[in-house]
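Let's walk through this model together, moving from a sheet to the cores and then to a few local backbone details. Please have your viewer open beside the text.

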Amino acid sequence: MRHLQSALSVTLACFALAPLAGPAGAAEPLFNFEEENAAAAWRIRSADQDKLERSPRYATNGRFSLQFTTPQWKEGMEQWPAFEAKPPVSDWRPYDRLVIDVVNPGARSYPFALMISDDKVPFRQGLSQALALPARGYQRFVVPLNAFPEAVNRANISIIHFYTERPASNMTLYLGNLTLLRPGEEAPEPPSTFVRQVAALELGNLGTLERTATRCRATLLRLAETPAAKTQAEEEIARVEARIAAMRTELDSPTLTLARLEALRGEAARLPQQADRLVSVARFRRDCDRLGWASSPMLVGFATSMEKILPRDMPFTVSARKSVELSLARNEKESFQVAVMPRADALRNVSVSVSELKTSAGNVLPAEQIQCEVVGYVETKRRPPYAVSYVGWWPDPILDFLGPVSIAEGDLQTFWVRVRAPKGQAPGLYRGTLRVSAEGAEPLSFPISVRVRSFTLPDCTPLPTAITFDERRAQMGGAENWPQMKHRWADFLADYYIDYDSLYRQGPPDFEILKRLHDQGRLVAFNLGNVFNAGTSEEGFEEAIAQTVERLRPAYEQAKALGLLDHAYIYGFDERPKEQFGLLERSAQALRQAFPEVLLMTTSYDHSFGLDSVVKTIDAWCPLTPSFDLERAAQARATGRKVWWYICCGPHNPHANWFVEYAAIEARLLMGAMTAKYRPDGFLYYATAIWNDNKPIETGPFTEWNPVSWTTYHGDGSLLCAGPGGKPVPTIRLENYRDGMEDYAYACILEEIVRRYEAKGNALSAQQRQWLAQAREALVVPDSLVKTMASYSRDPQRLYAYRERLAALIDRSGMPDVDPWGKDFGVRGFATGAATNR
């Protein structure tokens with residue numbers, strides 16, 4: 001799913017930056033700012049408030065740059081300050097990259113982006129590229145030109161449009177070296193005068209670093225409670241201060257090169273995080289010492305499953321405590337993390353284990369229901385097209401095949417502890433022991449208690465989904481082994497509430513898998529086939545749609561014979577504009593006539609969900625999450641339509657997504673509390689296994705798995721990994737996806753119980769009426785957790801409080817066996833009157 005959105009607050013682009021490569025060539029600038037009237041070629045959107053002129057400052061090609069100035073935004077002002085021009089070169093087909101140099105001398109980092117199109121396609125529907133500006137710094141952006149939408153004619157490019165959004169302070173930018181590159185060409189390096197100018201900006205940043213070091217020194221000394229700790233703190237901060245002094249000397253050197261300046265900029269950007277990490281380690285060490293573990297070579301703490309604990313460089317928050325508690329329903333999995341760090345020297349053969357758990361009545365939760373697995377790490381090497389806090393090692397895959405691991409000095413290693421309560425597990429409070437062991441060290445033991453609730457979660461996904469699993473990509477273990485391995489993958493996906501499915505299927509579904517999942521009660525939705533290329537232009541429309549119907553007919557007949565049509569949908573017209581709505585409606589009519597029982601779904605851009613457009617035959621509309629409109633969705637549902645939602649390479653923060661660098665809790669909130677608040681009829685996601693050239697993970701915890709997925713995004717379209725022999729490997733993001741689905745299931749169960757209570761009317765006792773009032777109140781997702789799709793809490797404790805309130809009310813209801821889904825739950829979701837869309 002590659003969605004382009006014009007609103008910067010939603011998502012600027014799904015196109016990535018690319019490094020310069022290949023031998024040097026004779027690249028020619030697209031725009032030349034040397035002439036006095038150079039700025040006249042550009043048009044400003046708001047000439048009365050903004051200014052565009054050439055400047056002798058920060059020129060990277062020639063003697064002048066283009067200076068853009070816009071004031072701090074205030075109510076009533078243009079909220080999208082912009083400038084644009086018609087390129088002197090219109091035929092861009094020979095070129096594969098566009099280079100743009102931008103200097104931002106201000107102390108703030110502003111949103112900035114460009115759009116490029118021809119003279120037919122509106123620029124907002126053309127190529128869109130976010131340009132992440134550093135504060136007080138310079139960035140060279142290289143835009144790949146293979147990412148133009150199909151409708152844009154690259155032989156007739158007529159507009160390049162730059163814009164920002166509501167700048168928070170007066171904003172001045174300098175642009176230079178706008179250059180088109182042919183394959184193999186490189187842009188010229190900036191002159192030495194430019195290097196000196198940018199180095200002066202970096203020297204200004206060093207004052208901030210020096211103040212950071214001073215604050216770090218004070219905090220470290222405050223945390224040091226022994227003479228040895230104080231000495232260690234002095235030594236650590238002295239190394240930071242010495243490095244800042246050395247950087248100042250280098251930046252002031254007349255022989256400084258651009259390459260070395262870039263390296264120093266990167267180091268300066270990391271120093272505040274490294275100083276904060278020193279504080280994190282000191283606090284961790286102090287807290288462990290206070291618990292009586294000063295003699296242990298291990299520092300041990302705990303974190304929730306909704307946090308990403310980075311192993312190196314970055315600050316972290318873990319809780320050093322003497323016990324751990326957990327709560328879950330029957331047929332649910334819930335996890336937490338154990339964090340281990342060497343006090344000094346490296347640790348060898350570190351492992352985490354949990355004993356069997358017992359209630360006071362003697363009921364047992366076997367140890368085999370508790371998995372303690374090593375968290376693995378993937379390395380990002382460049383900044384993606386969205387804002388990130390760090391480039392380096394990020395936690396992601398969960399390596400169940402890896403045994404005890406060694407932990408290097410200074411590293412923080414986490415272990416994923418996943419507890420499963422089987423369907424038949426007796427409710428109650430179970431207790432046991434968690435143990436952390438390392439070679440040559442006395443094990444550390446922690447009491448663990450797990451409360452098993454009285455109610456049971458469903459086997460199938462509680463929300464209909466349309467999620468692509470590309471089995472061709474998953475055949476890392478060899479195509480010859482796939483007939484056996486595919487069942488392992490299907491079970492794995494079902495365990496995470498994902499159907500064995502593909503949006504882009506051209507051949508028939510795997511009915512062997514679908515029938516088995518259906519018989520197990522774990523099938524909700526599957527795509528009969530894709531209509532991506534059918535009828536998208538007038539030329540050959542009748543033939544194309546007839547061929548599509550003929551292609552889908554065998555799958556339809558087989559699904560009908562197997563009794564699976566309640567689970568079937570047909571997906572097509574992927575992200576199509578209104579210009580194709582007429583063809584979309586004609587195609588939908590043909591499909592409806594041929595396959596009357598099958599749900600028809602699209603992500604075409606009709607934000608009225610069929611209410612105000614010519615498209616009346618589509619059953620399910622699927623907008624991006626920021627475009628989901630509650631009022632419009634209710635109106636559409638009143639006419640019998642469904643309204644799903646989806647994410648892909650957008651939206652970016654502040655909206656929730658699950659890129660490798662985004663907070664883990666975002667995936668859980670999106671599938672849980674946000675879904676409970678906004679009630680989409682389903683969730684769509686375009687891919688789970690964009691693995692490119694990756695090989696199965698066989699070592700760790702620092703893996704060779706490349707997190708780059710679609711273009712230069714990290715984790716977009718890649719929610720899982722492959723391990724030895726091509727076996728499935730989950731990620732922290734996938735775990736939070738399932739946990740969110742389980743949170744949503746809590747809300748559905750409580751809502752169904754409320755519906756049954758309401759049906760009793762006056763027969764309710766005073767106690768039951770009190771329960772009903774509390775349950776109705778609890779079903780409203782609090783604003784303190786989710787206020788809007790772009791404003792929500794990332795505090796795990798707030799989510800736990802919401803979830804535990806739902807669970808306690810279900811336990812008190814006296815109806816632990818309520819099942820809102822039943823055996824007929826399919827792609828159309830709940831039956832009328834069931835617990836949804838209240």
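Helices (H or I, at least four residues) and strands (E, at least two) are DSSP runs here, numbered from the N terminus. This is a predicted model, in which local features need pLDDT of at least 70 and side-chain atom pairs count only at pLDDT 80 or more, while totals for chains, interfaces and linings use all residues. Residues are numbered from 1 along each chain as its sequence is written, and side-chain values use heavy atoms, with hydrogens and water left out.

T625 is buried, with a relative accessible area of 1%; buried means under 20%, exposed over 50%, and partly exposed in between, using a 1.4 Å probe and protein chains only. If we set aside neighbours within four places in sequence, T625 is in contact with W645, Y646, I647, P651, L670 and M789, where contact means heavy atoms within 4.5 Å.

One of those partners, P651, deserves a look of its own. The peptide bond from G650 to P651 is cis, with omega near 5°, and P651 sits in the loop between β30 (645-646) and α10 (665-671). P654 lies in the loop between β30 and α10 too, and a cis peptide bond with omega about 20° joins N653 to P654.

Most residues other than glycine have a negative phi, and most peptide bonds are trans. Y497, in the loop between α5 (482-495) and α6 (511-519), has a positive phi near 60° and is buried at 5% relative accessibility. F573 has a positive phi near 50°; its place is the loop between β26 (568-572) and α8 (581-594), and it is buried at 2%.

Now for the cores. A nonpolar core is a set of buried Ala, Val, Leu, Ile, Met, Phe, Trp, Tyr and Cys residues joined through side-chain atoms within 4.5 Å. The largest has 197 residues, and V338, V340, L434, W658, L670 and F683 have the most contacts inside it. Helix α12 (residues 732-760) gives the largest share of this core, 13 residues. A second, separate core has 40 residues, including L30, A39, L133 and M171.

Finally, find the open sheet of five strands, ordered β2-β5-β10-β7-β8 with antiparallel pairing; two strands pair if DSSP finds at least two bridges between them. Its edge strands are β2 (42-44) and β8 (127-130). Inside the sheet, four bridges join β5 (residues 82-85) to β10 (residues 157-163), and A85 has I160 as its bridge partner in β10.
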